[in-house]
Structure formats: C-alpha cells, structure tokens
Amino acid sequence: MTAPTNHPSTLRTELGPDGFLVLDQGVAKGMRKWLADTAKTLIKPIRVVENPHEGTVYLRQVKGEDGEELFTKADRKDIQLVERTGILLYKLSRYGEAEPLLRLAFNWSQQQRPRRGDRAALYANNLAMLLLTTGDDLPAAARLFRYALEANEQSSHSGPDHPTTAATASSLGRLLRMEGDYTHAEALFDRALKINEATFGAESADVGASLNLLVECRLEAGNHTDDALARRALAICESKGGPHSVDTAAALSNTAKALQSRGEFDAAEEFLRRALKIQEAAMGAEHPDTGQAVLALAQLYQDKGALDDAELLYCRALGIYEASFSPGHRTIIYVRGCAGVPMLLRGADNGQGRATVEGARVALLAPPHNLPQSHLWIRRLSDDKTVSLTGGAIQATPDPVDTTGDGRVDAMSYDTNGDGRIDKTVSLSGVNLPMASSPGQLQGGVAMGVGVAVGP
C-alpha cells in the first residue's frame, strides 16, 4: 500500500491553543482509515530498544531475507517519527499503542542536552495529555504538565508570554479542572486567553479555543453568568474554523449548557444536537469526544424529564467509554452512576438505581479518584432531584457501614435532617469496600458491578 502524501514522517505536529495534540483537522480525518489499516505496518519494521546501562535509544531494523539485524542509534528525526506516530494513534483513541511511543520520545528527550529544551517540553506535554485522557496516572500527568510549563517559560525560544506557553498552561488547566480545582484551572485558562489575544488578536481561532476552555471551566464551577462569553466563543469558532469544526462543537456545547442552566431546554437541545453531529463526523461515532457530546445530550434530557431518552443516551455513552478506557476509569464510573438517575426519578426504583448512583458517588470520592465535594460530577450525583425520592437529601460526607460484621462496606449511613443522628441507611448492593480505620474515610475501590448492568 502506498502511503498518502501526508505520511506521518512529513506531518508537522504541535500543540493547539487548547493544549491538545493536534494535526490539521482535514489531515487527521483523511488519514483515519489509512492509519487504521497500516499503523502496525508502519511501526513494526522499526522496533525501539532502550539500553538502560547506556541511557541510549536504538532503532533495531530488520534487513534482508536472512533476517540480519542492524542496530543504529536513534537520531532526532527517528524520534520525531516515533512520536508523531504515537500522536496519530492517540487521535484514533488507540491509547495502548500510543503510550509506549510517546513515553519513549519523552525519555529520549531527557537524554539530550539541554534536557529542558523546547522538544522536551513538547514531548512531556504529549505524554501527559495521553495520561490525562486515559486516567492511568494523573499524578504523573500533573508532574509532566508542570515540567513542560516551566520549560516553556524559561526557554529562549518561547518564554512566559509565548503561545506555546499558553498551550501548556491550558493543558495543566484541563487536569486541574478534572480534579475539581476550578479556581486554579480558571486562572490558567485566563492566562492562556490573554496571551493568545495579545499574540493573535481578539477574534482569532486561538482565542476562540481559549474562550471555550474558560467558559467550560466556569460553567462546571457553577458560574452560569457567562452566556456572553460562550456566544463570543461560538461566533469566533464558526467564523474562523467553520460551522463543522470541533472548536465550534465545543462552543455549541458550552452555549447549550448556559441555556440549560436557565431552563431553556429546547434551545439548548438544538445546540447539543449540532455539536453531536459535528463530533460524529469529525471523530467517528465511537470516539470518546463523541461520547462526551452524547453524555451532554443525555443530561439535558434528564433535566427536562425525558427519562427514557436520557437512559438510552447514557447507555450509548457508557458503551463508548467502556470500549476506550480501562474498567476503573473515572468517566466510566461517573456515567454508570448517571445511568441510575432515570430509575430514581421515575419513582419506581427497587433499589438498583439508588445503589448505582450512590455506589458511583462513593467510588469517585474515595481513592484513587478523591474528587472533592465541589466537583461537578459529585454535585450531579448528589443533586436534590436525584435523591428526593429516596427519602431525603444526602449529607455532604456519608459514613460507611458494615451491617453484617464481615469487615466490608455494604451500606452508607446519613444524617438527613442535620440533627447529628443517623436516620437513614442506604444499601449498596454490589459495592465491596473494606471498612476504614477512621469514620467517613474509605479504602480501596468500588467494584463496578454496582446496581443494574448498563451497556450499549
């Protein structure tokens, strides 16, 4: 098979204004089928070997029919090809194949001098973005983002006010927003916005992407007063990227959430349906970005009372995430919890919906996720509308209960009226947590067979 003219070895890769690993959107879309068919062929002839004693990366190339192996020291162009292939695999949500390539590129950069150069910062950001997406090692992702940000700030080629620095600031902001640290995340997004406005102009595509991140952060934090910013971002994205760009999809989603917060469900639905169509066309029906658009539409239907439609969309979103991420991924836990909410709201729950919602909430509050009470996901799973049918609002910090004496958590206790006395116990069928040594703290994880099984 002949490679197209936009072969990975000739592609220019860089950080986009939102901190994502990006290629030209048309190139990424046009290469999708070709890469899926040929990625293994592209990578297989060049096997990478790291010598821990020498700290050197070698490329092992198989030559000739006799299978003679020749070893050559990898140079910068070799590593660029490895790293770019990793980026393309990442874009196809083939994270398991992308991770070793992006990690190798970063490790190679650490063997060079200077270690904190522009290339090292780029490779650190790329690896961190993958770890952020998969959720496999968020502390490592945070360290890599901070490393990349410091390297760019100190670089003679970029500096504190350079667009590349803005991109890495946005990357770190994404992680902090995921952790529920909205204050520091917003500060980083605002910094990136100001850099891009000063560099590219107030109506540039880079500013539109930065506005998307800032507005999304404020909306997640519960600030629903930024309708004007959301519409400004939408106008810029549609003007610069066109009506079918992924930046436009993000702006549509943010505008819809602002409308949804005011109860304007019909107008919000129109925007969310447009966003979903864009993501399906650009990324494919099974990509995690499409899953995010499906989830947003499901939550809209839930809020407007269309519970059957919401449940179907939750199932679709869950299927997308389960196909992309490991079973313990926080997004899978959250979406599975969301899928139990329609059962509660129908008023005909037999305990499955309640256990599903509460089991997910407990899992997200517990290690290794440790989400704060202020996190959007915890707020949605603790909303009064969600728990009103269970007999009372859930207190801020429920206590684990071992009702059988076997040392395992099988229920959660609540003080629903604030008088300091337990007056409610919720059974958590399917949750299997060891009892902690101190009240209110959980150890271990939650088995994700909680409540009703939900699938595509």
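Let me start with a definition: a salt bridge here is a side-chain nitrogen of Lys or Arg within 4 Å of a carboxyl oxygen of Asp or Glu. E269 and K304 make one, with their closest N and O atoms 3.0 Å apart. This pair links distant parts of the chain, as E269 lies in helix α12 and K304 in helix α13 (residues 288–304), 35 residues apart. Helices are DSSP runs of H or I with at least four residues, strands are E runs of at least two, and both are numbered from the N terminus.

Some housekeeping, friends. This is a predicted model, in which local features need pLDDT of at least 70 and side-chain atom pairs count only at pLDDT 80 or more, while totals for chains, interfaces and linings use all residues. Residues are numbered from 1 along each chain as its sequence is written, and side-chain values use heavy atoms, with hydrogens and water left out.

Back to our pair. E269 is buried, with a relative accessible area of 16%, and K304 is partly exposed at 31%. For those words, buried means under 20% relative accessible area, exposed means over 50%, and partly exposed is in between, with a 1.4 Å probe and protein chains only.

How many salt bridges does the rule give? The count comes to 20. Let me show you two others.

R262 and D227 form a salt bridge, with the closest N and O atoms 3.3 Å apart. R262 sits in the loop between α11 (246–261) and α12 (265–283), and D227 in helix α10 (residues 227–241), so the pair ties together parts that are 35 residues apart in sequence. D227 is buried, with a relative accessible area of 16%, whereas R262 is partly exposed at 41%. Salt bridges that share partners also join D227, R231, R262 and E264 into one network.

The other is a local one: the side chains of E99 and R103 meet at 2.4 Å, N to O. Both lie in helix α4 (residues 95–109), four residues apart, about one turn of the helix. E99 counts as partly exposed at 23% relative accessibility, and R103 does too, at 34%.

Now for the rings. Rings of Phe, Tyr and Trp (its six-membered ring) pair if their centres lie within 6.5 Å; planes under 30 degrees apart count as stacked, over 60 as edge-to-face, and the rest as tilted. A search of the whole structure finds five aromatic pairs. F106 and Y147 have ring centres 5.8 Å apart and planes at 90 degrees, so this pair is edge-to-face. The two link distant parts of the chain, with F106 in helix α4 and Y147 in helix α6 (residues 138–154), 41 residues apart. F106 is buried, with a relative accessible area of 12%, and Y147 is buried as well, at 11%.

Y321 and F325, on the other hand, are stacked, 6.0 Å centre to centre with 15 degrees between the planes. Y321 and F325 are both buried. Ring pairs link Y90, Y95, Y321 and F325 into a cluster.
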